[in-house]
Amino acid sequence: MIIEAGTITSTNDFLRDYAPEEDITIAWTQFQTNGRGQCGAWISDPGLNLLFSILLVPSDLAVSDGFILSQANALALRDTLREYIDDVHIKWPNDIYTNDRKIAGTLIENQLQGKYIRRSVIGTGINVNQKQFPDGLAAPATSIALETGKSIPPVEILHRFVQYFQSYCQYVRSGQYDHIRNLYCRFLYLLGQEHVFTDRNGNFAGTVQGVEPNGHLIIQDTYGKERRYAFKEVRIATDSK
């Protein structure tokens, strides 16, 4: 089910207590007054971008396997944007980058019941037609319009995304997690490239090796040591994410 909402605080707020009629419910809007991302507010001019959330009611998905939803969503976003742009990668844990700039971001909010995920709300913003972005963003931003010079109806992007996302959900439902995990690692931003990162001890040079099933990022430093990081424990040293 796809719901077009009017101006709301955020699509995540809209779906948080929504009573679903199907196992996948999607709400989208042309403007939200309190859109949120992993690093604060999600900036979007009215009507230019695609802002949507997915409400999932998983069946027996353990909390320990919860990162698979983030990976499925990121892969569907990448596949969707590849319809328009050649260079598209997943920046751990769930941002989408093209030409070293952020074009989409996701915020996931789970409701737990014991050791299982009862409901998951996956909120995403895709920069579609916006061409100017404010200074001081946590990451340099771009859009489909800036990358291609074309204006695309945001709802067109949504329908393409839904097709890809439903395909990946079939893998999740059938327990084929390794297929999703392998694809996710294959398309990681900076995979196999030496870069400078920052953790609580300061800067270090290392190479992204992959991501563990629990979502921890694996970086091998220049001394050959593998370092494992949970979300927000490490960042690229050249930005402030």
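1. A contact here means heavy atoms within 4.5 Å, and residues 24 or more positions apart account for 60% of the contacts in the protein with a separation of 6 or more.

2. This is a predicted model, in which local features need pLDDT of at least 70 and side-chain atom pairs count only at pLDDT 80 or more, while totals for chains, interfaces and linings use all residues. Residues are numbered from 1 along each chain as its sequence is written, and side-chain values use heavy atoms, with hydrogens and water left out.

3. The protein holds five helices and 14 strands, where helices (H or I, at least four residues) and strands (E, at least two) are DSSP runs numbered from the N terminus. Seven of the strands form an open sheet of mixed pairing, in the order E1-E2-E5-E9-E8-E7-E6; two strands pair if DSSP finds at least two bridges between them. Its edge strands, each pairing on one side only, are E1 (2-4) and E6 (89-91).

4. Helix H2 (residues 67-81) lies across strand E5 (50-56), E6, strand E7 (95-98), strand E8 (101-113) and strand E9 (116-126), and runs at about 25 degrees to E9. Axes are lines fitted to C-alpha atoms, for helices over the stretch in contact, with angles from 0 to 180 degrees between N-to-C directions.

5. Of the 241 residues of the protein, 50% count as buried, that is, under 20% relative accessible area with a 1.4 Å probe, protein chains only. The C-alpha trace spans about 50 × 45 × 30 Å along its principal axes.
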